[in-house]
Amino acid sequence: MFLPNGTQFHPSSFLLLGIPGLEAIHIWIGFPFFAVYLIALLENFTILFVIQADSSLHQPVFYFLAILATIDLALFTATIPKMLSIFWYNLREIIFSACLTQMFFIHNCTGMKSAILLAMAYDCYVAICNPLRYSTILTNKVVSMIGLGVLVRSFLSVIPFVFLILRLPFCGNNVIPHTYCEHMGLARLACASIKLNIIYGLGAISILVFDIIVIAISYVQILCAVFRLPPHEARLKSLSTCGSRVCVILAFYTPELFSFMIHHFGQNVPHYIHILLANLYVVAPPMLNPVIYGVRTKQIYDRVKKILLQR
């Protein structure tokens, strides 16, 4: 393959610009992101501690919630520290291997999160539509297999991104107009055809679309089952049981959907809006998920309140 002058297969580093167009207020933008980071750390570690400490919470839905909290911790820890170093200390350089590692963790965590939300939808479906067989269907072994499946599916679907980037030659432009490394942002810097990257990227997105469709079908069936319940109190209890899961799903997919729509159809939308939405997608759900579950799940709320009152 012919390589233009100055082409490097593996550039030593890339330059992350942060939020182009808002460089003058980077330092101020960093403060809310730092606050959200600290809050999300505290909330997710609290969720993990409560679930681990209270044996009454050793149930499938709370196991899934613990996995979700762990994924959230990995996702924003892979992005926010570097983001803050750009905003506050202008440390924009990121070495090639670190950029690939960050890209892998971001996409891997996104895939795992979508898969675990699908598992939580299945848990809710069984709890509402087949409650008498819940304990026999969702055994600890089944939950463990689901957790392993979440990990393996995401890893196998994301690892090709790394090799798709490694195969590309890079020219002199190593500037990424973003706060973190992601697949297409890196691919666009290459001076070779990225058609394969685009095709595989669409294939990876189709997995998320599949998850959304299955989740939507599950909750439609759940709603149909709920409204067939005779007592009004039973309906309210069932809706409350799955209401928190719906809120978590919306918190995850809504910013991602807006970001996708603006990226593909919002040509007149300023680039910094797209970057802000992409950052919101990374930091908002990890902060909102524990709050949603803490407020809407009585077992977690009571346990956290007990811990706070003891202090």
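Which residues is Ser13 in contact with, leaving aside its neighbours within four places in sequence? I started my notes there, keeping in mind that this is a predicted model.

**Entry 1: Ser13**

I got Glu93, Ile94, Ile95, Phe96 and Asn174 as the contacts of Ser13, with neighbours within four places in sequence left out. One of these, Glu93, also turned up in a polar contact: its side chain and that of Ser13 come to 2.7 Å. I placed Ser13 in strand β1, which covers residues 13-16. Its relative accessibility is 12%, and the cut-off for buried is under 20%, so I logged Ser13 as buried.

**Entry 2: α2 against α3**

Next I looked up how helix α2 (residues 60-89) sits on helix α3 (residues 96-129). I found a packing angle of about 160° and axes 9 Å apart. Angles over 145 degrees count as roughly antiparallel, so that is my label for α2 and α3. The crossing of α2 past α3 is left-handed. On the α2 side, I listed contact residues including Phe64, Ile67, Leu68, Ile71 and Leu75. From α3 I noted Phe105, Ile106, Met112 and Ile116, among others. Charged residues show up in the contact too, among them Asp72 and Lys82 of α2 and Lys113 and Asp123 of α3. My tally for the contact reads 16 nonpolar, two polar and four charged residues.

**Entry 3: Tyr219**

Is Tyr219 buried or exposed? I have Tyr219 down as buried, because its relative accessible area is 11%. Tyr219 belongs to helix α7, residues 195-226. I also checked Tyr219 against Cys124: the two are 95 residues apart in sequence, yet 8.3 Å apart in space, C-alpha to C-alpha.

How values were computed
Residues are numbered from 1 along each chain as its sequence is written. This is a predicted model: local features need pLDDT of at least 70, side-chain atom pairs count only at pLDDT 80 or more; totals for chains, interfaces and linings use all residues. Side-chain values use heavy atoms; hydrogens and water are left out. Helices (H or I, at least four residues) and strands (E, at least two) are DSSP runs, numbered from the N terminus. Buried means under 20% relative accessible area, exposed over 50%, partly exposed in between (1.4 Å probe, protein chains only). Axes are lines fitted to C-alpha atoms, for helices over the stretch in contact, and angles run from 0 to 180 degrees between N-to-C directions. Angles under 35 degrees count as roughly parallel, over 145 as roughly antiparallel, 65 to 115 as roughly perpendicular and the rest as oblique. A crossing is left-handed if the near helix is turned anticlockwise from the far one by less than a right angle, and right-handed if clockwise. Contact means heavy atoms within 4.5 Å. A polar contact is a pair of N or O atoms within 3.5 Å; within protein, one must be able to donate a hydrogen and the other to accept it, and residues adjacent in sequence count only if both atoms are side-chain atoms.
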